[in-house]
Amino acid sequence: MAITRRAAIAGGLAAPFVIRQGASAQAPSRSETLLLVQEYGPNSLDMQGIGSSQPVNGVALNCYDRLLRFKPVPIPGGGGHQVAMGELEGELAESWQLASDGMSCTFKLRDAKFHSGRPVSARDVKWSLDRAVSIGGFATTQMNAGSLEKPEQFVALDDKTFRIDFVRKDKMTMPNLAVTIPFVFDSELAIKNSGGDPWAKDFLKNNIAGSGAFRVESWKPGVETIYVRNDDWACGKRPQLRRIIARDIASPSTRRALIERGDADISYGLPPKDFKDLADAGKVNVVGVPIPNGVWGLYLNAQVGPFKDVRLRQAVAWVLPYDKILQASLFGRGVDMSGGPELPKPAWPQPFPYKTNLDKAKELVAAAGGGFSTTLQFDAGNATVAEPMSVLIKEALGAIGINVEISKVPGANFRTEIAKKTNPMTLNRFAGWLDYPDYYLFWTMHGNNSIFNIANYQNPELDKMIDAARFAGDRADYEKTVVEFIKLVNREVPMIPISQPTHDVAMQKSIGGYQFQPCREPDFRYLTKA
Amino acid sequence: MLRLIAARLKTTIPSILGVIVVTFLLTRVLPGDTAAYFAGPAATPQAIAEIRGKLGLDQPLPVQFVAYVKALVQGDLGQSLTTGQPVTADLAQRLPASAELTLFGLLIAMAVALPLGVLAAVRQGSWIDHLCRVVATAGVSLPVFFTGLLLVYVFYFILGWAPAPLGRLDVFFSEPPRVTGFLLIDSLIAREPETFRAALAQILLPALTLAIFSLAPITRMTRAAMLAVLSADFVRTARASGLSSRTVIGIYAFRNAMLPVVTTLGMVFSFLLGANVLVEKVFAWPGVGSYAVEALIASDYAPIQGFVLTMAILYVALNLAIDILYGVIDPRVRLEG
Amino acid sequence: MNEMSKVEPAPLRLEAPPSTSLWSHARHVVSENPVTGLAFGLFALILFAAVFGPLAVPYDPLASNTSAALKPPSTAHWFGTDQLGRDIFSRVVAATRLDFSIAVASVALVFLLGGLAGVAAGFFGGWVDTVVGRVADTIMAFPLFVLAMGIVAALGNSVTNIVLATAIINFPLYARIARAEANVRREAGFVQAARLSGNSEWRLLLTQIVPNIMPIMAVQMSLTMGYAILNAAGLSFIGLGVRPPTPEWGIMVAEGASFIVSGEWWIAFFPGLALMTAVFCFNLLGDGVRDLVDPQRRN
Amino acid sequence: MTAQPLLDVRNLTVEFATRRGTVRAVKAIDISVGKGETVAIVGESGSGKSVTSYAVVRILDRAGRIAEGTVSFSGVDLVAASEAQMRDLRGREISMIFQNPRAALNPIRKVGRQIEDVLVQHVQATRATARAKAIEALEKVRIARPQERYDAYPFELSGGMCQRVVIALALACQPQLLIADEPTTGLDVTTQKAVMDLMVELTRERGMSTILITHDLGLAAAYCDRVVVMEKGSVVETAAAAEIFRNPQHPYTRRLMQATPRVGMQLRDLLPDAPAGAMAAPLNEVPNPDQAGAPLLLVENLVKEYPRPQAGSLLAKLTGRTEPEKPAFRAVDGIGFTVRRGETLGLVGESGCGKSTTSMMLNRLLDPTSGRIVFDGHDIGAIPAKQFALAPLRRRIQMVFQDPTDSLNPRFTAERAILDPILRLGSLKGRDALRARCEELATLVGLPVELLDRFPHQLSGGQKARVGIARAIALEPDLVILDEPTAALDVSVQAVVLNLLEELKQRLRMSYIFVSHDLNVVRLLCDRVIVMRAGRIIEEGTAEAVLGAPQADYTRELLSAIPHPPL
């Protein structure tokens, strides 16, 4: 009796699996539906809102339009497109004209319609940009980075004409209009539902009021987001995909398995090892773009602790196992940042002149007074890459008498920890949206001591050069300054660049039209499925 | 019986209050500055302070606590910063998923463990007994996340029998109209056998993972209880009266042995709710466990408090249900109460 | 020897049961139940690995060798190598000491906290009982693993805090068992007799009650050891474990987990196997200890 | 006896597989039971009497097996019968009754249903007719309102009532043979009489055969036709009941009979003739209580109340109803008596009469609700029990407990247990002095000195009782309370222990309060007797007066319920 019952259970177990395969085959819309798996999804639909998570950029990108967008250029190794930072094209703007004094820009809007059916007007653009500079938090900070600082700068001339007045000449103003912050809301819809809040924060957090290529059909925070195509999109070629399902799958193994077995079309955010394996196996396409203006670096505190002594910072730079890290931690999915030329190029990031040289490092440590113990921290959220990296660093530093204790800081705490600026060594990856060396150094080494100046590096000479470069009008001047300040940080090494990581995406062979965006979120508008 | 329930409720009030206070304090001790975290990467100290004020985190602890309790009384558990939704809504959305998984897991475990425990007790000392013990113990010795990964690897990745571990329902099915929130039940109510099969296929592996984990305590308890009962005088009387072994074991022994087993079910359930957290993470199950873990990592107080409180209430409710069940089985409790 | 012999000759003799040494009893328990024998054998192995493991391993468990990374099991590396080319066998063996220590420390702690609180509650009753009961109820109302997560997250992830968290979540279990055992013995004949002998209540607790519930607690401790290891592993899995690069089974499984799907199964498998074996051993040992200390089985 | 007995056991040998090898619990015994005959199997613990009965119906536990012999029942060989055949016989042809009737019934099944189960199993009824038949069965065992009792659970019935249900269950299918294994052990003597009378009446009525398994010779003699005496797995003697008491053949039977307390005996008569060892002291000397002078213990108006659980307090609060306060339960209801120096006072009564509560208050382990306990001029009732442990008078009042096993700490050696009071309250110091004192005490109670290093589980019941006594007298107290000190012992051991107690009392000039339900024992040991019922004193007087010519009806009822072996 027991056996027959067990057999019955076994039958019951197997049955749903068998039948399911028939069920999935019958789905007719599969070729127009894209299944994307990512680690976690948006926590809001409003990228301008406070506390929005990284994936909200994707919502902003696909469901809203901006005045301008970055121009796609082919990825050198093939596989899709990335963007050219200096080259912009119109999104909502049909055309734009820089004033002759270079202190304003006038935009002519397309005949675009919001999802509500209402035409997009300059008033909507003004309300949206006003909102971005006023709402506070990250959105406002990002706007300020491009010298977009106050509502008075934005002028709606008529329904279809819009002007931005500059407060100063800033080469980042125009590119900053193409990032995922200054997107355009349906201001009437928003105000109507605002419940008295001038910026309709609650409404926009949970609802899309845009004109973008996609609408959000369903959003289950932490579970999935379903996008459907807006057939009336006016700002570009109509996307091929009708429906996008973005599922949140925390486990990277599962994400890998899904893409490998063909159940998912696109998988984001896998560990480098998986991208390498998938690329090697060749069953799916892996497209990797070295993240512009992104680098894994070891920050050495220049104000507190042992690394005040520049010799020790240099010693560390001479002893890091760059190649081992690239192979064992990033599995080759990155660009080595060691062994660069003595004379830098006007580019960022670029290899520093250091490479693994134990004798040199020992000499420097001896000169600085010998070995000691210290701690190395990193964000637990980055553990997949940072943990092996830190273990290798610990081992390497052990060889020159520096004993390292590794501290894995939970994500929630990491920002607090780096804000303290007391930890001697921090391993972190920082990437700037706007691909300019001065932009990167402004955030990470400038004396204004932003939270990302983890090394707490203070050098008025460097500050002067960075500021000069930011607002430099002349290209030659600019490049000269850049080379100068890179030479300085080469010498001073408050941050030792280790690798420029690759931003990888794994896709089925049937998927085409991959477009890399600086916000690193998937751009559905260009994607195709065979 | 009513009296019993009332008395039980009375004793649980202090522990619920304790849970509220402890959770509140614990979440406030959590490292990480929520304001800094949500102010975004490039925030200035002023921006952080502004957000801190907005979240009420600049108030002294007692003030924050009073505000929290006030909101709680009105059924407001606050807002999750990670999902951006009210915690109540999030929990309502996700709780059925966790409950369905845990209960289904428990059901599988019981379906296997009870006969196994009875068999082990009836054949005490035989190879079946030893096998039961080894199998059950091996199950509880496996870390749930490891079991989950292995099952996914074997059944999904290698054999391809199981569907992709993508949550509660295959992507190309739509959820049945929500009645109970349990997909297995809702799909039956809606008469959608295909959806039912799809949901069943999704839930099997995670539920199995949980079941493997909870097999041991239930088997162990069943075996021990059966052994105790089988050596009891009334079983001897039943045997001496010539009752068939089916009646003796099934009606006389088993029902009596169920009494201690039922009480351990509460323990096992609490145990499973903990294990759930890890299983949900592995199987991308949209339940409250994974929700709580993510909130914890993000120092997001409100969901943690809401989650813990919900679990505490659930636990109390479950224990109450067990007391009632106990009363149904045992007339001594029912009549003397 | 024979008590009646003084009074009268043979037939009405009442023999005292012959005394049984612990050793011969243990031999009997093992021979009667081979599974228990297996558990004791495994325990000896674990103990050996914990004490001598770090000295006996073929490789430095911390030394990386990226040129030999991710190698499958071979004669050179019995359990293969991990992402950084470290020898997994050496790491698994070296981890025994830490995992074993975590288990022992947390169990000892919870025995001291929960066991004594429970004994006092069961023996004295009254407000002590109420307070201990309330504390236990409150802890029980938490989903235990989540509580452990919360504690470690709040206090920081160090071995000490993992031990503390594990001890706290086991508190209700110990308190309840100890309470129940102390409560049934509170009015036992030998306790009353000791009262008549002029023992104060505290002395009664320590000399009469505590030694007598030790066997039951020993069983529980053995079972909890396994749970403590699992708990630490679970915490490691969600990133709240001990610090890298310290070898610890839970972390090694968590690290290896992402490699299972890509076919490097050995990275997670062997630490997982070690973890399972240890927990398995402690659980079976619990049964064995129960058989050993159960006086009914003794005679 | 008929030529063809109903049950014929020949050469039956039962073996148990234990860790020390195979043990023969029953050794080649022959027993036969004729139709309509009532046979008693008598023996002390470990004699194999119960195992024999289990072997007959083949319900031995897994370790036991019938090694040899035949059991023929109405011509059917039960040893060779299949399990299915046996199942069919059990309950229908051969029924059994066990001791502890409440435990013998399924606690969570209605008693009526349990009877039905048997009826249906043996096709004596269908589910449809079963209820009526079950009620009929209940009626037959004289259960009042059987219709209602059908739906009762065992916990709702008294012990005697439960045993009636068990009898109803056993007799439901009209079996030919009833095996009653200590059916009244644990029941009060009056209940015992009622149950036994009923059982005998019903079996006689139906012409059934009965096997009564008991340790109580009196019971066997009073109710049985024939007696089989077993010792250590062997039958030592079989004879007609009247015959065996008049003229016991086997020495064991003789000793057993001698050790059984009866009317008209002296304490010393319980023991075999040959005096030996510590027992050599003259015991025939009549106890000589100090008649004059102040009493050692004076008890006045002693009351112990237990609050009744307040039912539904929360519900009452919720509904606003207040239930009338229930009066507290009075376990001891205003009793008073005295104990003189050198006297033994018997405290007698059935379970629940308050005798144990009284003894707990007297030895100051329990606080009285009101009343006075004056010990040697000190009002010790006023000292809270918790503090009395440390009071100087503690050493002068000691106690011997009912269960020698339960009263010894399993973790203490015999020596440690005996020395415990000396270590706490005594003045003796130094390892050697303590050991010497311990050996002295051991010798005094007849405990071999070499056993002092053993733990309780390594000692026999009698030895444990001696340890308990040695502990009680270690401080040479003035008053020792003996709470059923021999209830857990076999009669032969009881005989020795009672004599030991008497001897110690005289040697150490102690007073005893002897708490017991066994009137025959009380008669032997006590100077004066108090009979208690429901917390009150029913009768008080010298032992001869109370037990010889009782005044109260209740005392008479108690006395008449004792089964007496014919003399």
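Predicted model: local features only at pLDDT ≥ 70, side-chain atom pairs only at ≥ 80, totals over all residues.
Chain D is divided into two domains, domain 1 covering 99-174 and domain 2 covering 343-560; these bounds come from an automatic or database domain assignment. The C-alpha centres of domain 1 and domain 2 of chain D are 41 Å apart.

Residues are numbered from 1 along each chain as its sequence is written, while chains are lettered from A and ligands numbered from 1 in the order in which they are written.

I turn to chain C. How many helices and strands does chain C have? There are eleven helices and zero strands, where helices (H or I, at least four residues) and strands (E, at least two) are DSSP runs, numbered from the N terminus. Of its 299 residues, 60% are buried, meaning that 20 or more other C-beta atoms, placed from the backbone, lie within 10 Å of the residue's own; with 12 or fewer a residue is exposed, and in between partly exposed. Among contacts in chain C with a separation of 6 or more, 67% join residues 24 or more positions apart; a contact requires C-beta atoms, placed from the backbone, within 7 Å.

Finally, one residue of chain A. Asp202(A) sits in helix α7, residues 201-206. Leaving aside residues up to four places away in sequence, Asp202(A) touches Gly195(A) and Asp197(A). From Leu34(A), Asp202(A) is separated by 168 residues in sequence and by 29 Å in space, C-alpha to C-alpha.

Technical notes: Contact = placed C-beta atoms within 7 Å.
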